[in-house]
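I hope they are handy to keep beside the viewer as you go through it.

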Number of protein chains: 2
Amino acid sequence: MRSKPIVLKLGGSVVTYKEKVLSPNYEAIKRLAEEVARAEAQPLIIVHGGGSFGHPLASVYRIAEGFSDNRQILGFSKTHEAMVFLNNLIVKNLLDQDVPAFSMAPSSFIITSKGRIQTYNYKPLIKAVDMHLVPVLHGDAVLDFDKGFAVLSGDQIVAHIALKLKAEKIIMGIDVDGLYDSDPKLNPSAHFIPNIKLEQLEKLKNTLTRTSLIDVTHGMMGKISEIILAIRCGIPTLIVNASKPGNIEMALKGEEVVGTKIER
Amino acid sequence: MRSKPIVLKLGGSVVTYKEKVLSPNYEAIKRLAEEVARAEAQPLIIVHGGGSFGHPLASVYRIAEGFSDNRQILGFSKTHEAMVFLNNLIVKNLLDQDVPAFSMAPSSFIITSKGRIQTYNYKPLIKAVDMHLVPVLHGDAVLDFDKGFAVLSGDQIVAHIALKLKAEKIIMGIDVDGLYDSDPKLNPSAHFIPNIKLEQLEKLKNTLTRTSLIDVTHGMMGKISEIILAIRCGIPTLIVNASKPGNIEMALKGEEVVGTKIER
């Protein structure tokens, strides 16, 4: 068994149907639980996104803007509870595959300041990993010292815990294959990028944010901006398409898989 | 609005059917959510017990004994998840009544040592109360520095957070009316105790633990042993029958209600 954990992100657009409010992708959740079980990768921490559970409610109640109106308080509760519901579903599927999944809601142990993680206590998380449990965290509606409350993305959590727990690697399971050097829909000669160094990525990022590729990558550059903080400290990151069966299992096992590997 | 929170315990035998594994008492949960909503008591923290969700699983996997066998790890996960499921049900019922309930699993921010709370971070809990949310905690399967894991009772949590957050009072909602000076089933002249000082209670406790009253009170003396820690520091505690409609509402409003009030 490795001593350093792998941090696996399961994107919101993989575990839910993004177009339809509060609709889990049951099939994908079950398949991913089976892949995690087969991979037998320990220690492991899973963080999933909100997809159609987090974003629509957070948007209706303007949670990301912070507190300004008493009516938001119930909305904040409802946003958190929707995430807990999705988390419970994912944890149940993992338990069905005998993976000792252990739900941990970030809002219970993280407080942000202007939306950035400020106060946290990872001791229970670390102890859970020590006990061979598989903590399952999620993007969450959290309390914020400055704004009252905020939306804490799964990506920010991934980068932060990977850093604090000195993760072996990050696996970002999303719904596209990885990075291209230009928009493959606009440019037929666009090339897929299997490996990239941080320096090149930062150049590419500057180019891509000026093109329509932002949309093609489903906001991937926003995700990458978070993860860069961990990559810069030496944690390699693999972007892989979790919607394609088998990819997460292979990635967890350390086998060759189509995806983009980013290193310092 | 008061500045000090009320800590309300909802016993496991009130919110579940204790005889039948994993069976919530839907009717009681709905009614209690309505009572909490009508009382409009803020700030408020709710802690519920496990009843038929916590105890049977914890018992099968011997969670309270601590870690000795790898097979317990999955059992630990399952025990925690059962509690999260019950918690989610209670939170949903509160949200349906527009109470801004906010689930917080103790295992995410408390670690015990030999079963007693040792490391904790109540900042998110305190911040949630400040934001007028109603945190809903529960007895939980938690990580333990000495034993690997342990069962943390809702009663220990109640006493600890009441102390740390300087609660105004504790309301213990259980399934009996309160304390008697002897076993009412054995002794027809047994008297109900509406008020008792801590010193008298400790004497009574010594007497009662030598009689069959322990059974009549559904293990109430164990609960009281936990709560005494808070009462000793000046937090008054009211034991009230939460299975009788209206009692929790009246108790939260500070109205006269049949029950046993314990003070320092």
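1. Asp98(B) sits in the loop of chain B that runs between helix H4 (71-96) and strand E3 (101-103). Helices here are DSSP runs of H or I with at least four residues, strands are E runs of at least two, and both are numbered from the N terminus. Although Asp98(B) is not a glycine, its phi is positive, about 65 degrees. With a relative accessibility of 54%, Asp98(B) counts as exposed; the classes are buried for under 20% relative accessible area, exposed for over 50% and partly exposed in between, using a 1.4 Å probe and protein chains only.

2. A word on the ground rules: this is a predicted model, in which local features need pLDDT of at least 70 and side-chain atom pairs count only at pLDDT 80 or more, while totals for chains, interfaces and linings use all residues. Residues are numbered from 1 along each chain as its sequence is written, chains are lettered from A and ligands numbered from 1 in the order in which they are written, and side-chain values use heavy atoms, with hydrogens and water left out.

3. Lys166(B) is another backbone point to look at. The phi of Lys166(B) is positive, near 50 degrees, in a residue other than glycine. Lys166(B) counts as exposed, because its relative accessibility is 58%. As background, most residues other than glycine have a negative phi, and most peptide bonds are trans.

4. Which peptide bonds deserve a look for a cis geometry? In chain A, the bond from Gln42(A) to Pro43(A) is cis, with omega near -10 degrees. Pro43(A) belongs to the loop between helix H2 (26-39) and strand E2 (44-48) of chain A. In chain B, the bond from Gln42(B) to Pro43(B) is cis with omega near -10 degrees, and Pro43(B) is in the loop between helix H2 (26-39) and strand E2 (44-48) of that chain.

5. Now to H6(A). Nine of its eleven residues are buried, so H6(A) is largely enclosed by the rest of the structure. The buried residues include Gly154(A), Ile157(A), His160(A) and Ala162(A). Asp155(A) is part of this helix, which covers residues 154-164 of chain A, and it counts as buried at 9% relative accessibility. Leaving out residues up to four places away in sequence, Asp155(A) touches Lys9(A), Met172(A), Lys223(A), Glu226(A) and Ile227(A); contact means heavy atoms within 4.5 Å.

6. Is Leu238(B) buried or exposed? Leu238(B) counts as buried, because its relative accessibility is 14%. Leu238(B) is located in strand E13 (residues 237-241) of chain B. Neighbours within four places in sequence aside, its contacts include Ile170(B), Ile171(B), Met172(B), Ala251(B) and Val257(B).

7. Helix H5 of chain B, residues 123-130, has Pro124(B), Leu125(B), Lys127(B), Ala128(B) and Val129(B) among its residues, and these are buried. After H5(B) comes His132(B), with a positive phi near 70 degrees.

8. For the overall fold, chain A has ten helices and 14 strands. The radius of gyration of chain A is 18 Å, close to the 18 Å from the globule rule for 264 residues, so chain A is as compact as a globular protein of that length; the radius is taken over C-alpha atoms, and the rule is 2.2 Å times the number of residues to the power 0.38. The C-alpha trace of chain A spans about 50 × 45 × 35 Å along its principal axes. Of the 264 residues in chain A, 61% are buried. Among its contacts between residues at least 6 apart in sequence, 76% join residues at least 24 apart.

9. Finally, the interface: 43 residues of chain A are in contact with 43 residues of chain B. About 3,500 Å² is buried between the two chains, and carbon and sulfur atoms give 70% of it. Buried area is the accessible area (1.4 Å probe) that two parts lose on being put together, summed over both. In chain A, Glu81(A), Ser108(A) and Met131(A) lose the most area to chain B, together 17% of what that side buries.
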